[in-house]
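Please look over the model below before reading the comments. The points are numbered so that each can be checked against the structure.

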Amino acid sequence: MRTWLKTVAGKTLVTYGSIAVAIGSVGAAPASARDSRDRDMNWRRAATEADRGRLRGWRAAWVAALPQVDPREIARDPVLFNPDRSLVDPLPPEGAYRCRTFKLGARSGIGPTFMASGWFACRIGTAQGESVVSLTKLDGSQRPVGTIYPDTDARAIFLGTMQLGDEKRPMSYGRDANRDMAGLIERIAERRWRVVLPYPRFESVLDVVELVPAD
């Protein structure tokens, strides 16, 4: 990951690709505020115990899901469905995206083993004063909404919730385990990313959300 440090107006910035995130300040904030920002950057502190377990099992989810899928479906997009495809600079730049979801495998062998959605509108953004990047699906009846945390030079972590139907605002993460979502964000090609959601609460063994810029 191309990462460098810069000090601007007393704030230390860490830049991940094209996204700058404030992680601390020099002589400008009390220790409690600095500790809060550090917690915001640490997904392990933010994640529920159940979601930490799901994220640890990401490879097992691939191993369980892929054999259930017709090989012809995988062959149509081998890059998207390659568990080990993960390039440096995993954080998508801020902006408008198109996204679509693929559901792989069936829970308890019941139901379809491969489903693909159409394209929807998504957005990667930052709110003023926030220290994490947000991912929001803007339309559709099921809309993941959450935050993206830096992890390694080849992946980031998504923690969020599922907003349903005509709900006006998302539920807070950690309030309802059935709504909580946890996944890995990986860059798999130039201007192409995916969110890998191991063991979602319903239907599938693994969800893969493809993200590409809208322009």
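The note goes from the whole chain to single elements and then to single residues.

1. Basis. This is a predicted model, in which local features need pLDDT of at least 70 and side-chain atom pairs count only at pLDDT 80 or more, while totals for chains, interfaces and linings use all residues. Residues are numbered from 1 along each chain as its sequence is written, and side-chain values use heavy atoms, with hydrogens and water left out.

2. Overall make-up. Of its 215 residues, 43% count as buried. Buried means under 20% relative accessible area, exposed means over 50%, and partly exposed lies in between, using a 1.4 Å probe and protein chains only. The accessible surface comes to about 11,000 Å², and carbon and sulfur atoms account for 52% of that; the areas come from the Shrake-Rupley method with a 1.4 Å probe, and for residues only the protein chains shown count as cover.

3. Contacts along the chain. A contact means heavy atoms within 4.5 Å. Taking contacts between residues at least 6 apart in sequence, 50% join residues at least 24 apart.

4. Helix α4. Which residues of α4 (residues 58-65) are buried? They are Trp58, Ala61, Trp62 and Ala65. Seen down the axis of α4, these buried residues fall within an arc of 100°, so they line one face of the helix; the arc is that of the directions from the helix axis to the C-beta atoms. They pack against α3 (49-56) and against several strands, including β4 (95-104), β9 (155-164) and β10 (180-189).

5. Strand β11. Seven of the seven residues of β11 are buried, so this strand is largely enclosed by the rest of the structure. In a regular strand the side chains alternate between the two faces of the sheet. In β11 both faces are covered: Arg192, Arg194, Val196 and Pro198 are buried on one side, and Trp193, Val195 and Leu197 on the other.

6. Partners of β11. Two strands pair if DSSP finds at least two bridges between them. β10 and β11 pair in the antiparallel sense over five bridges, and Ala189 has Arg192 of β11 as its bridge partner. The two strands form a hairpin with two residues between them, and Arg191 in the turn has a positive phi of about 60°. β11 also pairs with β12 in the antiparallel sense, over six bridges, where Trp193 stands opposite Leu211 in β12.

7. Nonpolar cores. A nonpolar core is a set of buried Ala, Val, Leu, Ile, Met, Phe, Trp, Tyr and Cys residues joined through side-chain atoms within 4.5 Å. The largest has 24 residues, of which Trp62, Phe81, Leu104, Leu159 and Leu206 touch the most other members. α4, β4, β9, β10 and β12 each supply at least two residues of this core, and α4 gives the most, with four. A second, separate core of 16 residues includes Leu91, Ile124, Phe158 and Val209.

8. Aromatic pairs. Rings of Phe, Tyr and Trp (its six-membered ring) pair if their centres lie within 6.5 Å; planes under 30 degrees apart count as stacked, over 60 as edge-to-face and the rest as tilted. The count comes to four aromatic pairs. One of them joins Phe81 and Phe114 edge-to-face, at 6.1 Å centre to centre and 75° between the planes. Phe81 is in the loop between α5 (71-75) and β4, Phe114 is in strand β5 (residues 114-116), and they are 33 residues apart. Tyr97 and Trp193 also form an edge-to-face pair, at 5.9 Å and 80°, and this one links β4 with β11 across 96 residues. Both Tyr97 and Trp193 are buried.

9. Two residues to check. Leu104 is in strand β4 and counts as buried at 0% relative accessibility. Its contacts beyond four places in sequence include Trp62, Phe81, Phe114 and Leu206. Glu73, in helix α5, is partly exposed, with a relative accessible area of 23%. Leaving aside neighbours within four places in sequence, Glu73 is in contact with Phe81 and Phe114.
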